[in-house]
Amino acid sequence: MKFRTPLARVRGLGSARSGTHHWWMQRLTAIALVPLTLWFVASLIMVVTADHVTAIRWLHSPLVTILCSVLIVALFYHAQLGLQVVIEDYVHSEWRKLVIIVFMKLVSLLLASAALFAVLSIAFAN
Amino acid sequence: MPMEKSQRPLSPHLQIYRPQLTSVLSITHRGSGIALAIGTLVLVYWLLAAASGAEAYASAQHLLGSWFGRVVLLGFSYALFFHLCNGIRHLFWDAGVGFELQTAYASGKAVVIVSIVLTLGAWALAYAMRGGA
């Protein structure tokens, strides 16, 4: 520890320069996802057993739009954090690891955007 | 910096150890997380179908309602409830609670039982809502 400068110690960011941010965001999104997932699954059981009009009417309400949007953001944020750790653990070639992580993050962003687009387009449709 | 293959002996590898409830649940948490991440494709597909209109939605419902779709959704729902329950177990550990061996095994058993009960309950409810179909 005596080799670390006082500034490095007070910053507390470690050798990866990101500190506990990854760990903390994974927990934060996990906590958010507990009630959101239970609500979403319970609602989905009611909705998917009915017709399209029921599904649209459900997604059309402001509260559902907001909660679905938060769910999508938290879900994909949580998923890409978890997948990043899995890739870091099992892919040992540095450049391959980097390429796979970047690809995975961009695909996550694409899927999250598509899901948000779908939810919002239903919300703002007449 | 490229890492040279070291000639030093390695610690005993995974397959040396007899699987225990705790270790099996640990790797299942990771496995279910990966499965759920891939499963988000289904969620995105369903949402886009709902946004595209009645016809696209009907064909999505048809696909997801087929026997193959139901098998996928059954696996997906179990992975979800398992990851949810075991995730809550992890959150308790993060708070510094439940590390005693007995407690870790008890919470592990609880996770297995509760996740199965939740999955069966969700499907029973879905079939009841649908009226048996």
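How many residues of chain B are in contact with chain A? In this predicted model, 25 residues of chain B are in contact with 25 residues of chain A. On chain B, helix 1, helix 2, helix 3 and helix 4 (101–130) each supply at least two residues of the side that touches chain A. Helix 1 of chain B gives the largest share, 11 residues. By class, this side of chain B has 19 nonpolar, 3 polar and 3 charged residues.

The largest nonpolar core holds 36 residues. Those that touch the most other members are A:Ile72, A:Ala115, A:Ala118, A:Val119, B:Leu47 and B:Ala50.

Within chain A, the contacts of A:Ile72 were examined beyond its neighbours within four places in sequence. A:Ile72 is in contact with A:Ala112, A:Ala115, A:Leu116 and A:Val119. Of these partners, A:Ala115 and A:Val119 are, like A:Ile72, listed among the core residues that touch the most other members.

A:Leu106 also lies in helix 5 of chain A. This residue counts as exposed because it has 11 C-beta neighbours inside 10 Å, and the cut-off for exposure is 12 or fewer. A:Leu106 and A:Val70 are separated by 36 residues in sequence. Their C-alpha atoms are 19 Å apart in space.

Within chain B, helix 1 packs with helix 3. The angle is about 130°, and the axes are 9 Å apart. The two helices are therefore oblique to each other, as angles over 145 degrees would be needed for roughly antiparallel. Their crossing is left-handed. Helix 1 of chain B contributes B:Leu25, B:Thr28, B:His29, B:Ser32, B:Gly33, B:Ala35, B:Leu36, B:Gly39 and B:Val42 to the contact. Helix 3 of chain B contributes B:Phe76, B:Ala79, B:Leu80, B:Phe82, B:His83 and B:Asn86. By class, the contact has 8 nonpolar and 7 polar residues. No charged residues take part.

Methods. Residues are numbered from 1 along each chain as its sequence is written. Chains are lettered from A and ligands numbered from 1 in the order in which they are written. This is a predicted model: local features need pLDDT of at least 70, side-chain atom pairs count only at pLDDT 80 or more; totals for chains, interfaces and linings use all residues. A nonpolar core is a set of buried Ala, Val, Leu, Ile, Met, Phe, Trp, Tyr and Cys residues joined through C-beta atoms within 7 Å. A residue is buried if 20 or more other C-beta atoms lie within 10 Å of its own, exposed if 12 or fewer, and partly exposed in between; C-beta atoms are placed from the backbone. Two residues are in contact if their C-beta atoms, placed from the backbone, lie within 7 Å. Helices (H or I, at least four residues) and strands (E, at least two) are DSSP runs, numbered from the N terminus. Ala, Val, Leu, Ile, Met, Phe, Trp, Tyr, Cys and Pro count as nonpolar, Asp, Glu, Lys and Arg as charged, and the others, Gly among them, as polar. Axes are lines fitted to C-alpha atoms, for helices over the stretch in contact, and angles run from 0 to 180 degrees between N-to-C directions. Angles under 35 degrees count as roughly parallel, over 145 as roughly antiparallel, 65 to 115 as roughly perpendicular and the rest as oblique. A crossing is left-handed if the near helix is turned anticlockwise from the far one by less than a right angle, and right-handed if clockwise.
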